[in-house]
Amino acid sequence: MKDTIEQQLSDWIKRVFTEVFPGEPMEGLHLDVVPTSNEKFGDYQCNATMALAKQVKKKPRDIAETVVHHATLPENVERLEIAGPGFINIFLNTSWMSTSLEKNQQDPDSVVPQPGARKTVIIDYSSPNIAKPMHIGHIRSTVIGNALDRIYRYLGYTVIADNHLGDWGTQFGLLIMGYRHFLNETALEEHPIEELERIYVKSYEKSKQDDAWLDQAREELVKLQQGDPTNKTVWEEFVQLSLGEFEHIYKRLSISFDLVRGESFYNENLPETMNQLKDLDLLKESEGAQVVFLEEEKLPVCIVKKRDGGFNYATTDLATITSRVKEFEPDRVIYVTDERQQLHFNQIFTIAKKMGIKTKLVHIWFGLMQLPEGTFSTREGHVIKLERLLDEAETRALEIVQTTSPNMNANQQKEVARAVGIGAIKYADLSQNPQSLVTFTWEKALSLDGHSAPYLQYAYARIASIKDKYAEQFPAIHLDDYPIRLEDPLERRLGIKLIRFQETVHRAAKHYRPNFIADYLYDLAQTYSAFYQNVPFLKAKKGVRESRIRLCTMVGFVLGQGLDLLGIETPKRI
RNA sequence: GCCCUCGUAGCUCAGCAGGAUAGAGCAUCGGAUUUCUAAUCCGAGGGUCGCAGGUUCGAACCCUGCCGAGGGCGCCA
């Protein structure tokens with residue numbers, strides 16, 4: 001099995017507890033082993049004795065004594081210590097750590113847990129609207145969704161990344177009207193999205209004053225949804241132009257999807273979905289609309305067919321779920337959207353369950369992004385386009401590269417600036433709890449020092465450099481012939497952190513929290529930087545030198561792997 | 001009115017579902033490059049974890065109330 005060390009120790013300590021207290025119910029107790037809060041307490045700790053104390057009417061310390069006395073240590077544990085009110089501190093066997101790291105280095109795949117084997121997960125993320133530019137509000141879904149995508153793939157899941165485009169909404173009536181009356185063909189050719197946005201805004205403004213205009217727009221929408229060929233052609237043009245532009249951004253962000261299906265794709269399933277609801281007797285009429293009441297679940301009513309006969313988002317999403325479940329048989333479907341959709345998904349998931357859908361449906365929401373001057377809105381022009389943010393990041397990164405690496409050729413500088421700039425933007429989002437509300441500032445989004453992607457990339461580049469230097473100076477030595485030693489406290493500290501990578505990824509996946517990985521990588525890089533700064537590598541004596549280079553190599557591997565899970569590149573030189 | 005979040009150092013944020021002395025970055029101050037990339041490292045100061053109760057061996061974390069911020073609540077997506 002490829003269990004993480006944390007998992008192995010947890011399983012072991014649970015066995016010990018059940019042996020010491022046979023017949024004692026342990027279900028409600030938290031018997032898992034967790035990393036220690038401080039390295040002086042060892043590597044992992046078990047806090048279960050305090051919880052168990054009341055239940056078995058014994059003192060926590062006595063329980064700890066009994067457990068420690070009874071336990072047969074597994075090969076990776078050096079010793080146990082009892083501390084404080086009854087903590088059981090676990091110290092890993094350092095020589096076991098060394099051989100374990102050596103094995104990992106030879107066969108890195110062998111330690112990657114594969115909970116996702118033979119399981120499919122659909123991740124619905126990014127999902128911009130057709131005919132509107134992507135702005136900074138889209139960055140979170142895109143970047144967080146993509147990180148989850150990568151993390152789940154790493155853990156062996158078959159991931160279907162699905163970009164669920166907003167291509168079927170009410171905006172198309174207004175757009176078609178705008179297209180007919182205000183279109184500037186040249187502008188459309190040069191800046192398609194800007195032009196579509198312009199005609200949309202113009203049409204929207206006219207609709208506010210002109211009821212006939214609005215009625216006409218509604219009619220065009222109905223015609224489109226009924227398959228009118230003229231409108232369909234225009235709509236297809238909108239979609240193609242938008243996709244081209246989105247694709248450009250995704251390429252810059254190194255993001256690719258397995259499916260790009262808009263809401264329109266599920267249009268034909270809508271009547272069937274309605275029939276299912278009807279057959280299950282979930283459909284009720286209310287104020288002229290077809291609705292599903294969710295009073296038992298204490299949720300507001302959900303409209304699935306409007307008074308005017310049109311379907312809305314709820315219906316489309318239900319049809320989407322049934323279609324996905326039927327086609328891919330996923331183990332779970334993950335939606336990554338902002339917090340405003342919590343109620344919506346709550347309703348949809350509840351109805352889906354009533355419809356007999358067993359698939360685990362998860363809504364991962366994140367806090368809304370706002371500007372210092374308030375919430376942004378397309379209509380009021382308070383938007384910062386994503387493209388501009390990316391440009392700005394690369395520009396700022398380039399300035400720094402030019403001053404710190406003046407000897408690098410211009411192309412390489414540009415390439416490094418690209419990786420660093422884009423990395424910084426992604427990291428700024430991925431290193432914090434997704435659920436916190438974020439106020440966008442250029443300074444924060446483009447931070448290039450401190451707790452940021454470039455710090456990690458820098459550590460990576462230094463490792464790549466030192467490996468090259470080593471290979472140059474000692475071409476004849478085979479590193480694998482020398483064991484990894486964890487004798488210096490700095491080395492051991494690095495060792496335990498390397499070992500903890502797998503459980504970190506596992507935890508990030510379990511809680512849908514890429515920032516756990518970001519935190520871990522930063523911690524690892526900090527530990528490495530201290531190591532790098534304080535002990536010699538190339539000038540260490542033979543054996544120690546090889547061991548340290550092997551450790552460097554492993555840190556580099558984990559940094560590269562971890563950053564890749566966040567979608568961040570690691571240039572060899574920066 | 002009801003529901004969902006958030007409130008942690010001057011600023012930006014972590015804090016591994018209740019554990020030991022609450023941690024980073026930025027900013028400020030003081031140190032470290034004849035030596036492996038100084039985009040670095042070492043050190044210092046800085047805290048009523050919004051406020052008030054409660055639960056228990058133990059609370060930033062759970063419960064209740066209040067204050068402040070964001071979002072949502074029938075024909076938008």
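Reply: RNA strand B has 72 residues around it, and those that come nearest are Lys 40, Tyr 458, His 511, Arg 513 and Asp 519; a residue is near a molecule or strand if one of its heavy atoms lies within 4 Å of it. Of the atoms of RNA strand B that come within 4 Å of the protein, 58% belong to sugar and phosphate. The model is a predicted one, in which local features need pLDDT of at least 70 and side-chain atom pairs count only at pLDDT 80 or more, while totals for chains, interfaces and linings use all residues. Residues are numbered from 1 along each chain as its sequence is written, chains are lettered from A and ligands numbered from 1 in the order in which they are written, and side-chain values use heavy atoms, with hydrogens and water left out.

Individual side chains come next. A polar side-chain atom of Tyr 455 lies 2.4 Å from a phosphate oxygen of RNA strand B, and for Ser 436 the distance from such an atom to a phosphate oxygen is 2.9 Å. Glu 263 instead places a polar side-chain atom 2.8 Å from a sugar or linking oxygen of RNA strand B. Among the elements that give two or more residues to this surface are helix H2 (48-56), strand S4 (87-92), strand S9 (299-305), helix H17 (453-473) and helix H19 (501-511); helices (H or I, at least four residues) and strands (E, at least two) are DSSP runs, numbered from the N terminus. The most comes from H20, with 10 residues. By class, the surface near RNA strand B has 30 nonpolar, 24 polar and 18 charged residues; Ala, Val, Leu, Ile, Met, Phe, Trp, Tyr, Cys and Pro count as nonpolar, Asp, Glu, Lys and Arg as charged, and the others, Gly among them, as polar.

Helix H19 also holds Arg 507. At 36% relative accessibility, Arg 507 counts as partly exposed, a class between buried (under 20% relative accessible area) and exposed (over 50%), with a 1.4 Å probe and protein chains only.

Strand S4 belongs to an open sheet of 4 strands in the order S1-S2-S4-S3, with antiparallel pairing; two strands pair if DSSP finds at least two bridges between them. Strand S1 (33-35) and strand S3 (77-83) stand at the edges with a single partner strand each, so one side of each is left without a neighbour in the sheet. Strand S2 (residues 44-46) and S4 run antiparallel and are joined by 3 bridges, with Tyr 44 opposite Ile 90 in S4.

Strand S9 is part of an open sheet of 3 strands, in the order S7-S8-S9 and with antiparallel pairing. Strand S7 (283-286) and S9 are its edge strands, each pairing on one side only. Between S7 and strand S8 (residues 289-294) there are 4 bridges in the antiparallel sense, and Glu 285 has Gln 290 in S8 as its bridge partner.

Strand S5 (residues 120-124) is largely enclosed by the rest of the structure, because 5 of its 5 residues are buried. Thr 120, Ile 122 and Asp 124 are buried on one side, and Val 121 and Ile 123 on the other. S5 runs parallel to strand S6 (residues 158-162), with 5 bridges joining the two, and it pairs with strand S10 (residues 332-338) in the parallel sense over 4 bridges.

How values were computed. A polar contact is a pair of N or O atoms within 3.5 Å; within protein, one must be able to donate a hydrogen and the other to accept it, and residues adjacent in sequence count only if both atoms are side-chain atoms.
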